[in-house]
Amino acid sequence: MDSQLGTSPSYTWRGIWESKWVLRRGICWRVGNGANIGVWDDSWIPGTQSRRLLSPRGINDAQMKVNELINSETYGVYSFRSAYRALINDEWLKEEEAPSMVNNFWGKILSLHVLPRVKIFAWRACQNAIPTLRGINSRIQTFDATCCICGRENETTIHALRECNLAREIWLCSTFSKVLEGSFASLIDWWEWCIKEFEEHEVEEIITLSWAIWNARNKAVLLGEKLEPSSVLSYARKVCEELRGVEMKKGGGRADGRTDAAGWKPPDTGLAKVNVDAGLLGEVGSGIGVVCIDDRGEITCCAAVQFAEIWDTKIAEAKAVFWGMKVALETGLSDIVIESDCLQVVDALRNKIQGTSHFHLILDDIVALAFNFSSVVWSFVKHGGNKVAHELAHYQPWDVGKRVWRNVIPPRISAVAANDILV
Ligand SMILES: [Zn+2]
């Protein structure tokens, strides 16, 4: 809970870190035998706002643990459990139960072709399990439930996603302003109506946009940052298109992005190619090489990133893709072809493989970064077509950190580049 965000947080870590305040508000020790819980310094009293003991502490019992308060002979742990139950209000119990609804509705939500995290969001939102201010207030009664964006009413789920100024503004700019017609008592009523009124692919966009609105709301509430409706809309649209496998490309090129060339080839007009590679530097660490080339075959940027760690090939190659995109982003490129000689990584990205391993988390970070570009194509090239990136991945002298060359080719690389890239 006391962790810092750090200077270059991963998408996943940032997500966890940004939700910390919710945890802090909701978290409470489970008493158990109470031997590890400090009476004065830990949060362990359910049903109170601070969850801590607020009465003045005694001089001799600063280190007192909760188990010292429990008379296990007569009351035992049971007395705490029953006290806990008594303190929980009805609201909590209501929310723990699944709301009654037509099975058809859940079937529909579950069958939507949307990102898994959008589906999980939809499911949780319908159960009032996303941390709206009203939701928090039902657990901690002293917590103010008034929407802190518009101040007009309590922030319920449907308020945050539909009624609030922030949400309305976005819906009005979208092609779905019709969703604001009529009035609905709950999110489920509203989405049920949407399912009846709209085509399935439209419902998918509506649910995805609701999710993007929730993210925008979090940004506004937690970070005080207001996003433009247009950027929320384009983000939601990209998520939908990404899922449908639409590659938004400017200029020509094969739509499936399968260049799979043996030798290096310049990108199609309007695109930039970003070749990446990873390599081991003896026993000292790993290196990543990145080279950005424009559609005239000219190198616009080279980078060598060196780490004191050693990873297995798949992880190192995935990290190379991640760093290649970071460099491309810093270079201001918007339509890129990322080329790697690791088929496993390219295939995992093309097939949107999901999972929880270290490898998958890097893939998640890559996909999150991809949203910053207007188009990204994953491309495989054989080693022979990736020589410049390979050289950069083994760049000497060894120096942990990132080195970037813009509009100049690093001296040791120019010979390789002259042979393999310049056209
Ligand atoms: Zn509001």
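Trainee: What makes Asn-128 count as buried or exposed?

Mentor: This is a predicted model, in which local features need pLDDT of at least 70 and side-chain atom pairs count only at pLDDT 80 or more, while totals for chains, interfaces and linings use all residues. Residues are numbered from 1 along each chain as its sequence is written. A residue is buried if 20 or more other C-beta atoms, placed from the backbone, lie within 10 Å of its own, exposed if 12 or fewer, and partly exposed in between. Asn-128 has 21 other C-beta atoms within 10 Å, and is therefore buried. Asn-128 is found in the loop between α6 and α7 (133-139), and has a positive phi of about 55° although it is not a glycine.

Trainee: Why is Asn-407 called exposed?

Mentor: Asn-407 has 9 C-beta neighbours inside 10 Å, so it counts as exposed. Asn-407 too is not a glycine, yet has a positive phi, of about 60°, and it lies in the loop between β6 and α17 (414-420).

Trainee: What makes α6 and α11 parallel, antiparallel, oblique or perpendicular to each other?

Mentor: The axes of helix α6 (residues 116-126) and helix α11 (residues 200-223) cross at roughly 80° and come within 9 Å. Angles under 35 degrees count as roughly parallel, over 145 as roughly antiparallel, 65 to 115 as roughly perpendicular and the rest as oblique. The two helices, α6 and α11, are therefore roughly perpendicular. Val-118, Phe-121 and Ala-122 of α6 make the contact with Ile-207, Thr-208, Trp-211 and Trp-214 of α11, where contact requires C-beta atoms, placed from the backbone, to lie within 7 Å.

Trainee: Which residues have the most contacts inside the largest nonpolar core?

Mentor: They are Val-290, Cys-292 and Leu-392, in a core of 53 residues. A nonpolar core is a set of buried Ala, Val, Leu, Ile, Met, Phe, Trp, Tyr and Cys residues joined through C-beta atoms within 7 Å. Helix α13 (residues 313-331) gives the most to this core, with nine residues. Leaving aside residues up to four places away in sequence, Cys-292 touches several residues, including Val-274, Cys-301 and Val-327. Apart from this core lies another, of 39 residues, among them Val-114 and Trp-211.

Trainee: How do you know that the bond between Gln-396 and Pro-397 is cis or trans?

Mentor: Omega is about 0° for the peptide bond joining Gln-396 and Pro-397, and the bond is cis. Pro-397 lies in the loop between α16 (387-393) and β6 (401-406).

Note on methods: Axes are lines fitted to C-alpha atoms, for helices over the stretch in contact, and angles run from 0 to 180 degrees between N-to-C directions. Helices (H or I, at least four residues) and strands (E, at least two) are DSSP runs, numbered from the N terminus. Two residues are in contact if their C-beta atoms, placed from the backbone, lie within 7 Å.
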